[in-house]
Every structure is written in C-alpha cells, then in structure tokens.
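Hi,

Here is the structure I promised to pass along. Have a look at it, and my notes follow just below.

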Amino acid sequence: MSKIYLPDSIYERLPVLYIFLALLLIVTSLGPIKWLLIAALVVATMVVRRQRQAYRRAQRLRESNAIMEKYQLSNSSFN
C-alpha cells in the first residue's frame, strides 16, 4: 500500500471512483490527452484492486496464524 493512510472504506471505493472518472472523461473534449488520462485511471484501478487483494490475503494469513498459535499454545498447556 502507499505511505498515505486512507481508511479501508475509501480503498474499497477507489476502483469505482476511478472508473467513474474515466467514464466522465470519455464525454469531455480534452482531445488526445483524455485517452492518456483514461488509461492512467484504468491502470490505477487495477493497481488498487491488486493491492487490496494482497492486503486481504495477508490479513487472512495473519488471522489464521494467530488462531493456529493459540491452538498450539492451548494444546501444549494440556500436555
């Protein structure tokens, strides 16, 4: 993730916002520059989605590791 803190709710909505902005740019008359901006927004959408997926995977892994550690500690206390 980036160094700037944004709440999870904002990160979840960023791809939708980027696509919405890209759709708005389609109807503008900025000339050839708008296609570069649209491409940048599409790339940003893909990057944010991948980062969010990686973050969620890492979070699930941390949670499962914590559960396994707790389980192993409780089993070792019975032995």
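A residue is called buried under 20% relative accessible area, exposed over 50% and partly exposed in between, with a 1.4 Å probe and protein chains only. By that rule, 14% of the chain's 79 residues are buried. Please keep in mind that this is a predicted model: local features need pLDDT of at least 70, side-chain atom pairs count only at pLDDT 80 or more, and totals for chains, interfaces and linings use all residues. Residues are numbered from 1 along each chain as its sequence is written, and side-chain values use heavy atoms, with hydrogens and water left out.

On the fold, there are 2 helices and 0 strands (DSSP runs numbered from the N terminus; helices are H or I with at least four residues, strands E with at least two). Helix H1 covers residues 8–26 and includes leucine 17. This leucine 17 counts as partly exposed because its relative accessibility is 45%. Its C-alpha lies 8.7 Å from that of threonine 45, although leucine 17 and threonine 45 are 28 residues apart in sequence.

Contacts here mean heavy atoms within 4.5 Å. Of those in the chain between residues at least 6 apart in sequence, 50% join residues at least 24 apart.

Methionine 46 belongs to helix H2; at 43% relative accessibility, methionine 46 is partly exposed too.

The chain's accessible surface (Shrake-Rupley method, 1.4 Å probe; for residues, only the protein chains shown count as cover) is about 6,600 Å², and carbon and sulfur atoms account for 67% of that surface.

Best wishes
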